[in-house]
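Colleague: I've just opened this one and I'm new to it. Can you walk me through it?

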Amino acid sequence: LDDAAVAAIKGRVGDLQNTLARSMLMDSLHDMAIRGRMSLDAYVQLAAEEAEREQNFRVLAQLTRSIASVMDTIHRLMPESSAVLAQRTPMVMELAWRRARSATDADRARLWFDLLVAVSAGEAGQQRLRVCRTCSTAWR
């Protein structure tokens, strides 16, 4: 997908009322990103925005796992992907940290915490993990 197509999709996935349709659309976009038909960076941005709004637990689980998967792919493509990795890692870490701490239930908190663990890098990420280890189950 080119930038115009990604821009047309941004913010509209949640407009799909059918949970299965949202799930299938995001799965298709994830597949396109992994296969090189969509920018990995664009996918992470889009999936992160959608995950922040997603209410359905199963779709949220799919989104957090796919973000972790794409971030891992970006990491494996270093050094060519170093700039994207440097930009997206803090963004994803901040989102995961904020959402894990504000989750309304332990299952949602675990999804976000798992994403945080998957992308944690450097001293800032390790410090957050140390804080989480000493906090309650809901990481508040």
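Colleague: What should I know before reading any numbers?
Modeller: This is a predicted model, so local features need pLDDT of at least 70 and side-chain atom pairs count only at pLDDT 80 or more, while totals for chains, interfaces and linings use all residues. Residues are numbered from 1 along each chain as its sequence is written, and side-chain values use heavy atoms, with hydrogens and water left out.

Colleague: OK. How many helices and strands does the protein chain have?
Modeller: Seven helices and zero strands. Helices (H or I, at least four residues) and strands (E, at least two) are DSSP runs, numbered from the N terminus. Along the sequence the pattern reads α-α-α-α-α-α-α.

Colleague: And how much of the protein chain is buried?
Modeller: Buried residues are 43% of the 140 residues. Buried means under 20% relative accessible area, exposed means over 50%, and partly exposed is in between (1.4 Å probe, protein chains only).

Colleague: Let's go inside. Which residues touch the most other members of the largest nonpolar core?
Modeller: That core has 36 residues, and the ones touching the most other members are Met 26, Met 38, Tyr 43, Ile 67, Met 71, Trp 112 and Leu 115. A nonpolar core here is a set of buried Ala, Val, Leu, Ile, Met, Phe, Trp, Tyr and Cys residues joined through side-chain atoms within 4.5 Å.

Colleague: Which helices supply at least two residues of this core?
Modeller: Helix H2 (19-34), helix H3 (40-53), H4, helix H5 (82-102) and H6 each do. H4 gives the largest share of this core, nine residues.

Colleague: Pick one of those core residues. What is Leu 115 in contact with?
Modeller: Setting aside neighbours within four places in sequence, Leu 115 is in contact with Thr 64, Ile 67, Ala 68, Val 92 and Ala 96. Contact means heavy atoms within 4.5 Å.

Colleague: You mentioned H4. How many residues has helix H4, and how far does it reach?
Modeller: H4 covers residues 57-76, so to speak 20 residues, and reaches 29 Å from its first C-alpha to its last, close to the 28 Å expected at 1.5 Å a residue. The expected span is 1.5 Å times one less than the number of residues.

Colleague: What caps its N-terminal end?
Modeller: Asn 56 caps H4 there, with a side-chain oxygen 3.0 Å from the backbone nitrogen of Arg 58.

Colleague: And Val 70, buried or exposed?
Modeller: Val 70 sits in helix H4 and is buried, at 0% relative accessible area. Not counting residues up to four places away in sequence, Val 70 touches His 30, Ile 34, Leu 40, Tyr 43 and Val 44. Val 70 and His 30 are 40 residues apart in sequence, yet 7.9 Å apart in space, C-alpha to C-alpha.

Colleague: Changing topic: how many salt bridges are there?
Modeller: A search of the whole structure finds seven. A salt bridge is a side-chain nitrogen of Lys or Arg within 4 Å of a carboxyl oxygen of Asp or Glu.

Colleague: Which parts of the chain do Glu 54 and Arg 22 link?
Modeller: Their side chains meet in a salt bridge (2.8 Å, N to O). Glu 54 is in the loop between H3 and H4, and Arg 22 is in helix H2, 32 residues apart. Glu 54 counts as buried at 8% relative accessibility, and Arg 22 counts as buried at 9%.

Colleague: How far apart in helix H4 are Asp 72 and Arg 76?
Modeller: Four residues, about one helical turn. Their side chains meet in a salt bridge too (3.0 Å, N to O). Asp 72 is partly exposed at 40% relative accessible area, while Arg 76 is exposed at 56%.

Colleague: Last one: what does the side chain of Arg 108 reach?
Modeller: The backbone oxygen of Gln 55, at 2.8 Å. Arg 108 is found in helix H6.

Technical notes: Polar contact = N/O pair within 3.5 Å; in protein donor to acceptor, adjacent residues only side chain to side chain.
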